[in-house]
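Take a look at the structure below. Start with the overall fold, then turn to the places where parts meet.

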Amino acid sequence: MNTKQKDRVLGVILLLISLFFFYFTMQQEAARFEGDPGPKMFPLIGCVITAVCGILTIVHPDKKEHKAYLSKEEFKRAAKLFGLYAAFLVLIWGVGFMITAPLLLFAISVLFSFESRPDDPWGKRILRSAIYAVIVGGALYLLYVTVLQTQLPTGALWKLFKK
Amino acid sequence: MWQYILDSLRALASVTGVLYILLGSIVGLLFGSLPGLAGGTVMVMLLPITYKMNPVLALALFISIHIGSTSGGCIGSILLGIPGTSSSMATVWDGYEFTKRGDPVRPLSVAVVCNFIGTLPSILIAMAAAKFLADWGVKLGPWEYAAMCFCAVAMVVGLSEGNLVKGIAGVGLAILLCSIGPDPISGRPRLTFGNMYLYDGFNIINIMLGMFAAKIILLEYARRTKTQDASKIKVRGFKWPGKDILDNLGNLIRSFITGAFIGFLPGLGAPTSTVIAYSNERNLDKKHKELWGHGHIGGVIAPEVANNAGIGGAMIPMLALGIPGDAIMVQFLAVMSIHGVQSGPMLMTTNPEMVYMLYTAAIIAALFVLLVEVGGMPLFPKFISMPYHFLYPAIIVISFVGAYMTAGNMMGVIVTLCACLLGLGMDYFGVPTTPFIMMFILSSLLEKNIRQGLNRSFDGVIDFFKRPVSLGFIVVGLLVLVLHTVIPAIKAAKEKKNAAAQTEAE
């Protein structure tokens, strides 16, 4: 997508967001105190600003070509890591911190080691990341649970099995 | 004042206090020196951990990280030619030339001393100025506070170079997202779409964890950023740069004033002040004009002094008026509010101990950073060679656990993930994130003050223009926006005219 098209898409997105919020803002209750413009005022200001910017971006898109934000391959790599972020969300809910943290530490360490140590053999890469995941995972558990006395998620799935 | 400082010293002079400040200084230095990461990332990541901490120690830890990372940015700039933080960008231009010539010790030694010279007086000025500003702040009403917030946001929007509309769009989006949650006047839920998890709105910490920590690491992986190998660079011990400092005393003083003043202004921050200080000195130094950019020591002094001089400057509006100048100060506000300390003009009256404790911790941290940098200089190449496959996984896990702790449920992690996506989307479409974050931070304060101002006014909106201070801030804010629209338009028209004239001549 070139910059001009990108700006037009952005303009449309901004307009849609503005309309969405406008619809729900208008359903809010009116002011309760005399003289108070009420809870609708601020979101309405936001709607107007966003809509005006959206229209301006559509009408006057940037004509200069800029360097692509990410190449196709870089997008794929970003999606891969984001997939791991999303997996963290699902896993920490399902199986809790104790299992999720070392797993994520291991997976991300292996991913990054392809860049930082490209010549390392697979076995070494996996062993190093596994040791790292166990040590750092354990240290974080001690820090959060023992030192900071935080209640970390224990896993909703285990609770289901117990029932 | 002196009594408070003595009390603060007593509070911090424990083994734990000293350890926290030392640890914060080292962690800050380490993260500040690593290109791509900055102290802000580590501070956001550690914010949720401070929930259970003693507030004095938490603030001491954070100020040490901030000072350490601001100072550490020069390490990457000088040794690799890649700035550790955006504020050390100008240091690359001359600092790296010394390393190429095989003499990294001279610029590093100068930078280390200049960092200290920049930090210490700026904190002392902040200590002196905050009281006056707070006394003045008590006399202000909601009209002035609303105008101040508007001015702060306008200044940040003005920085959206070349695309003011997108900067303003970021502000609009922040207003809409901040409108979700409790109404700041009545406390009733607003725009929650029937979802009970939205009753409290979005926590700024979750937003920052997503937009900074999670997004930065995602981009580092996508762009295949490699660990920099600086292990071959030999750095011997620190060498006292007395002569260099004395020869550039005028440069040092001018750069300090530039840094402290720009640091005080909301949103502009160290990256702007360092470039301005560097350009000023380059233009003023007619004698060595040809040396600038090719390894002139003045080119290291100017940005490094300006960079650290902004630390004290930025603390003044945050502590005295409750208006943070940048994202780092927002994190301080967050730590303070977590521990029940509300910043603003009343803080100097209700909790002066906390304010002076922060300044005292900053002074101690500046000293520790100096000592660590002087003693640890030969280890600097090792700092920047730290492998990312050990560093980034831990940052991600700590950030997501922090997101969970902030909200107390999975919604925190979901918001962080969405903020990461939003940050990526904004980057993709060229919408600057700084105005968005600034508006997100000031939104509730702005809305509350606008509505209180309107409630208490006789002439509605006109009252905002009738009060001189309020009018002053509104005019400055509008001027900034108008100038940033008009100047690029004039420049573009001139360029067009020149191009047309050139084609005609050909």
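The model is predicted. Chain A has 6 helices and 0 strands. From the N terminus on, its elements read α-α-α-α-α-α. Its radius of gyration is 24 Å, well over the 15 Å that the globule rule gives for 163 residues, so chain A is more spread out than a compact globule. The C-alpha trace spans about 60 × 50 × 30 Å along the principal axes of chain A. Of its 163 residues, 27% count as buried. Among the contacts in chain A with a separation of 6 or more, 67% join residues 24 or more positions apart.

Now to the partner chain. In chain A, 57 residues are in contact with 52 residues of chain B. Five helices of chain A, H1 (3-26), H2 (41-59), H3 (72-94), H4 (97-116) and H5 (122-147), each supply at least two residues of the side that touches chain B. H4(A) gives the most, with 11 residues.

Next comes a helix pair in chain B. The axes of H4(B) (residues 55-80) and H16(B) (residues 352-376) come within 8 Å and cross at roughly 45°. That angle makes H4(B) oblique to H16(B). The crossing is right-handed. Residues in this contact include B:Ile63 and B:Gly68 of H4(B), and B:Ala362 and B:Phe368 of H16(B).

The table sorts both contact regions by class.

| Contact of H4(B) with H16(B) | 13 residues | 3 residues | 1 residue |

Definitions and conventions: Residues numbered from 1 in each chain as written. Chains lettered and ligands numbered in written order. Predicted model: local features only at pLDDT ≥ 70, side-chain atom pairs only at ≥ 80, totals over all residues. Contact = placed C-beta atoms within 7 Å. Helix = DSSP H or I, 4+ residues; strand = E, 2+ residues; numbered from the N terminus. Axes fitted to C-alpha atoms, helices over the stretch in contact; angles between N-to-C directions. Parallel < 35°, antiparallel > 145°, perpendicular 65-115°, else oblique. Left-handed = near helix turned anticlockwise from the far one by under 90°. Nonpolar A, V, L, I, M, F, W, Y, C, P; charged D, E, K, R; others polar. Rg over C-alpha atoms; globule rule 2.2 N^0.38 Å. Buried ≥ 20, exposed ≤ 12 C-beta atoms within 10 Å, placed from the backbone.
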